[in-house]
Structure formats: C-alpha cells, structure tokens
Amino acid sequence: MKIGFIGCGNMATAMLKGILKSGEVEASDMIASAKSDKTREKIEKELGIQKADTNAQVVDFADVVFLAVKPQFLEGVLDEIKGSVKEGQIFISIAPGKTLQWLGEHLGENTKVIRTMPNTPAMVGEGMTALCVNELVTEEETALAVKLCDTFGKTEVIPEHLMDAVVGVSGSSPAYVFMFLEAMADAAVADGMPRAQAYKFAAQSVLGSAKLMLETGKHPGELKDMVCSPAGTTIQAVRVLEEKGFRSAVIEAQTECVKKAKGM
C-alpha cells in the first residue's frame, strides 16, 4: 500500500508522523507535496519520505491519497488532479464543509471518497477523528482508513450528517480548551503562582479530568458533583461559572462554529 499526501502543513505532518511511527507503512511507500520549497525540504529531511514536485505526482504514486489542503484551496487542487485519478484509488479529505457528494463531483463520480475531521492533538498522538465514506468505499477500505487514522489518536465512523457537529465538538474545540487553560493559569498567576507552573497545573487537571471521564464512563455531571462538597470552594466556583453563562457561552460558540462549517 502506497500513501500520498497533498499538502504537508501541521495537521498533515502530525498524521504522517503517526502513520510512520506505527510501522503500518514504510517511508519509501509514502509521498507528499507542498507549495513551498521549505516544506518540500522538510518532507525529505524530517520525515524521510519522498517529496513530490506536483500534486499529480502524488496521485500517480499513491493508492490512498490524503487531501490535506485548506477548504478554500481544495477545488483548485481537485481540478488539477482530476485527470490523474485512477480506478480503485481512495481519496481521504480533511477539509471541513466539503461533502462527499461535492468531493465526488470534483474527483469523478466513480471515485472512492472518505471525509474526515481530525484535530490538532494528533500532533501528540491524541487526536480525535471522525470519518464517513461514500457508497463506493468497502467495509475493508473503511477499516483501513480507521486503522491509519488510529495511528495519531482515536477514530469514530459516523453518518455524514453529523460531520458539521464534529467540527464544533472536536475539530475546533482545542482552541476553546486552550483559552480555558490560559484563563485558569492567569487566575493562578494573579494568586501568586509562577506562570510555567500555573500552565502545568491547569493542563494536567484538564488532561486528568478527561481521562477520568473516558475511563470511568461516568456522566460529567456526576463527576462534577464528586468535586463539589457542601458549602465548599468548588461549588462557589461553579456558581460563578453558571452566573456568568459558562455553559451557554460554550453552546453558543459551538453553534456558530457549526453554522460556519455548513456554509463553507
């Protein structure tokens, strides 16, 4: 199996590193293209895979092609490579807002297309990726795509109508989490803690809380109640968050995020 990437930005690099580290694909069986000479040099020197001078070269080489370009540039890329598409190839897009139907129309109606939405924690092997497929992709090919995406985190196969919701809940949500971490650290700094230490305390608390929920399977409300002693410090903090509309702000932010994804 030969793997190709069109685009080699931060997300694509994280995905490539995960696949390489897993040993599922040899470096000699991987190729990537990029717009800049600097990035093309990185492909060879840092990743140890083949660099492509053109996007069509990636399609000519690979059995599975990851489309790792921003949505505003994707149509131009697909127009460029459409003539190179071969029967049986699988194309995996990471672009938000671009449907399976849209991708199929631009690649050819008989093309196997998979749509995914990974997120930046893939850079440390803890990504969350949603995946949906068109009717031409077999169960075995879907399993292959999941296996590849699992090399840089966790993967769930979902119906396409949920993909825009995924953009809000996992694709974009690391940004909200980082804002939350920064705010918690700012408060600790205001209370006298050195900033580097404050970031460590805040980040480990979020990491541990997420792991606790995933591993116990408990409802987040139940886990919150476990921390809130009667007349204690935590319930006071929770009261202020509720007063300031914390939940509502998160819900409204994700709603706007999904609206934008649908309009792309």
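What is the handedness of the crossing of helix 7 and helix 12? The crossing of these two helices is right-handed. The legends below refer to a predicted model.

**View 1. Helix 7 crosses helix 12.** The axes of helix 7 and helix 12 come within 8 Å and cross at roughly 135 degrees. Sorted by class, the contact of helix 7 with helix 12 has six nonpolar, two polar and two charged residues.

**View 2. Helix 8 crosses helix 9.** Helix 8 covers residues 173-190, and helix 9 covers residues 195-216. Their axes come within 8 Å and cross at roughly 135 degrees, so helix 8 and helix 9 are oblique to each other. The crossing of helix 8 and helix 9 is right-handed. Helix 8 brings Val 177, Phe 180, Leu 181, Glu 182, Met 184, Ala 185, Asp 186, Ala 188 and Val 189 to the contact. From helix 9 come Arg 195, Ala 198, Tyr 199, Ala 202, Ala 203 and Val 206. Twelve residues of this contact are nonpolar, three are charged and no polar residue takes part.

**View 3. Helix 4 packs with helix 5.** Helix 5 covers residues 100-107. The axes of helix 4 and helix 5 are 8 Å apart, and the packing angle is about 35 degrees. Leu 74, Glu 75, Leu 78, Asp 79 and Ile 81 of helix 4 meet Trp 102, Leu 103, His 106 and Leu 107 of helix 5. The contact of helix 4 with helix 5 has six nonpolar residues, one polar residue and two charged residues.

**View 4. The second largest pocket is lined by 38 residues.** This pocket has a volume of about 860 Å³. Gly 9, Ala 68, Val 69, Lys 70 and Ile 94 are the lining residues that lie nearest the centre of the pocket. Elements that give two or more residues to the lining are helix 1 (10-22), helix 4 (71-81), helix 7 (163-171) and helix 12 (246-262). Helix 4 supplies the largest share of the lining, five residues. By class, the lining of the second largest pocket has 20 nonpolar, 13 polar and five charged residues.

Definitions and conventions. Residues numbered from 1 in each chain as written. Predicted model: local features only at pLDDT ≥ 70, side-chain atom pairs only at ≥ 80, totals over all residues. Heavy atoms only, no water. 1 Å grid on protein atoms, 1.4 Å probe; cavity = no way out; pocket = protein on both sides within 12 Å on 5 of 7 lines; lining within 4 Å. Points joined across faces, edges and corners; volume = space filled by probe spheres on them. Helix = DSSP H or I, 4+ residues; strand = E, 2+ residues; numbered from the N terminus. Nonpolar A, V, L, I, M, F, W, Y, C, P; charged D, E, K, R; others polar. Axes fitted to C-alpha atoms, helices over the stretch in contact; angles between N-to-C directions. Parallel < 35°, antiparallel > 145°, perpendicular 65-115°, else oblique. Left-handed = near helix turned anticlockwise from the far one by under 90°. Contact = heavy atoms within 4.5 Å.
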